[in-house]
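Subject: Structure handover

Hi,

Here is the structure I promised you. Please open it next to this email and follow along.

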Amino acid sequence: MAPYSKVPKAKTIFGQIAEASPANGCDTVKSVDADSPSPIFLLFRSENKPEECDAITKSRMAEIAGAKAAIIIHYDDNIEEAYLYDEGLGAIINIPTLLIKKSAGELILKTLKDPENKEPPTASIIFEIPQHVTVDMIVWLSAALQDSYDLVERWRKYQLLLSEKALKFTPHYVTWYCHSCKKSFWNVRDNDDCYSGGRYCAHDPDGPGPANGRNVVDETLYQLCIFSKQTKDEWWNYVIAFGKDEDCLSFKDPKKCRERLMKENSIDVKAIDKCVKDSFEGDDILIADNRILREERKHHLKRKVSFVPAIIINDVTYKGNIDSGEEIFSEVCSGFIDEPQVCSSYDTEHRVTMKPITYYSYAIVIALFLLIVFFFVVIVVYRKMMQRELNNQIETQLSTIVAVSYTHLT
């Protein structure tokens, strides 16, 4: 499934299968033979053809045509190395997109075009997280992104509801590599955004400022060492504190800031320094490979993570609202074979605490309504009183005028 896919809350999609026209889905799409207003489109993926477009374009064209989902048929059966990349516009896609083998796609097309089938075939797509005794939760972070720190802080209170035996939580960090450095056989020293000859790089966090990508890679290593060498609570406390500290997140004086936070959170500075130093497989850290970052890269390539922060639950990428701790917690709970009591009890407690808030809201609305009615009545009464007073004044003035006129006449 494409990383930009949006999974419906019901986690199930049902609809007719329709062959798209044009078949590659690179232009305005319409259904070839299905009458359903919301079909599931079959789109083709070509190999090295000039008219080929990216997966996001295919998904967007299918969505505009009213499709509930898009199924892209790969050009061969080797989809292990295939990937539907998010080129940065994935946020505009609101339907799921799946990639299937060529053989599977041909089987569906054969069924679709079978003259004996009087009605178009239908498909049901179910999005479920595999259930395990222990849920495995992996978060992919960037040491330079505020969103990553916000996610860690947001998730912390839910993490505490589940024991470490029930939920295995593991943070991983994304780094990038220098393409031109690879051509130089990782022998580049003068790239300030990279270590290990260009194998592990990060984007410059402040552009023309004093910080550089190496500062971010440094912080990545330190956070990984804290997680592996210290207690998990110390990692949580450090990372949350780092995300709240503007000086640290700006990387103006990263070493000073990092040491201050480690001391404040009872972290053994010397032990973490040693962990980071020993992770380089040689004295020249600008060229030497790094054991910890190499393992992170292997995980990165295996999971094909294309955006951060990202959450993977029981080996399935979470597609819900990453800004909602409750939704993430609900998804984690659905990954247990036997759901812990805290999952249902937390939901019950949350609903109970919401009731007084609801009644209180109603009370406020009623009070405001009565207040408006009161002011309306006061205004009406006041206007009537003013009208009566005005009428009295007019009558008095008229009586005076009449009396004066009568006197002159006599």
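Helix α5 (residues 213–229) packs against helix α8 (residues 254–264) in this predicted model, with an angle of about 20° and axes 11 Å apart. Helices here are DSSP runs of H or I with at least four residues, strands are runs of E with at least two, and both are numbered from the N terminus. Axes are lines fitted to C-alpha atoms, for helices over the stretch in contact, and angles run from 0 to 180 degrees between N-to-C directions. That angle makes α5 roughly parallel to α8. The cut-offs: under 35 degrees is roughly parallel, over 145 roughly antiparallel, 65 to 115 roughly perpendicular, and the rest oblique. The crossing of α5 and α8 is right-handed. A crossing is right-handed if the near helix is turned clockwise from the far one by less than a right angle, and left-handed if anticlockwise.

Which residues of α5 and α8 meet? From α5 they are N215, D218, E219, Y222 and I226; from α8 they are P254, R258 and M262. By class, the residues of this α5–α8 contact are four nonpolar, one polar and three charged. Contact means heavy atoms within 4.5 Å. Nonpolar covers Ala, Val, Leu, Ile, Met, Phe, Trp, Tyr, Cys and Pro; charged covers Asp, Glu, Lys and Arg; the others, Gly among them, are polar.

Two notes on the ground rules. Residues are numbered from 1 along each chain as its sequence is written, and side-chain values use heavy atoms, with hydrogens and water left out. Because the model is predicted, local features need pLDDT of at least 70 and side-chain atom pairs count only at pLDDT 80 or more, while totals for chains, interfaces and linings use all residues.

The axes of helix α6 (residues 232–244) and α8 come within 10 Å and cross at roughly 135°. α6 and α8 are therefore oblique to each other. The crossing of α6 with α8 is right-handed. Y238, A241 and F242 of α6 meet R258, L261 and M262 of α8. The α6–α8 contact has five nonpolar residues, no polar ones and one charged.

Helix α3 (residues 146–159) and α11 have axes that come within 9 Å and cross at roughly 55°. That makes α3 oblique to α11. This crossing of α3 and α11 is right-handed. On the α3 side, the contact is made by L151, R154, W155 and Y158; on the α11 side, by G325, E326, I328, F329 and V332. The residues of the α3–α11 contact divide into six nonpolar, one polar and two charged.

E326 sits in helix α11 (residues 325–333). Is E326 buried, partly exposed or exposed? E326 counts as partly exposed, at 34% relative accessibility. Buried means under 20% relative accessible area, exposed over 50%, and partly exposed in between, with a 1.4 Å probe and protein chains only. E326 and R154 are 172 residues apart in sequence but 9.6 Å apart in space, C-alpha to C-alpha.

Then the backbone. Most residues other than glycine have a negative phi, and most peptide bonds are trans. Here are the exceptions to look at.

- S21 and P22 are joined by a cis peptide bond, with omega about 5°. P22 lies in the loop between β1 (12–21) and β2 (30–31).
- V308 to P309 is also a cis peptide bond, with omega near -5°. P309 is in the loop between α10 (291–303) and β11 (310–313).
- F185 has a positive phi, near 60°. F185 lies in the loop between α4 (179–183) and β9 (194–195). F185 is exposed, with a relative accessible area of 72%.
- S196 has a positive phi too, near 55°. S196 lies in the loop between β9 and β10 (200–201). S196 counts as buried, at 0% relative accessibility.

Last, the whole chain. The secondary structure comes to 12 helices and 12 strands. Buried residues make up 40% of the 410 residues. Of the contacts with a separation of 6 or more, 69% are between residues 24 or more positions apart. The chain exposes about 24,100 Å², and carbon and sulfur atoms supply 56% of that. Accessible areas come from the Shrake-Rupley method with a 1.4 Å probe; for residues, only the protein chains shown count as cover.

Best wishes
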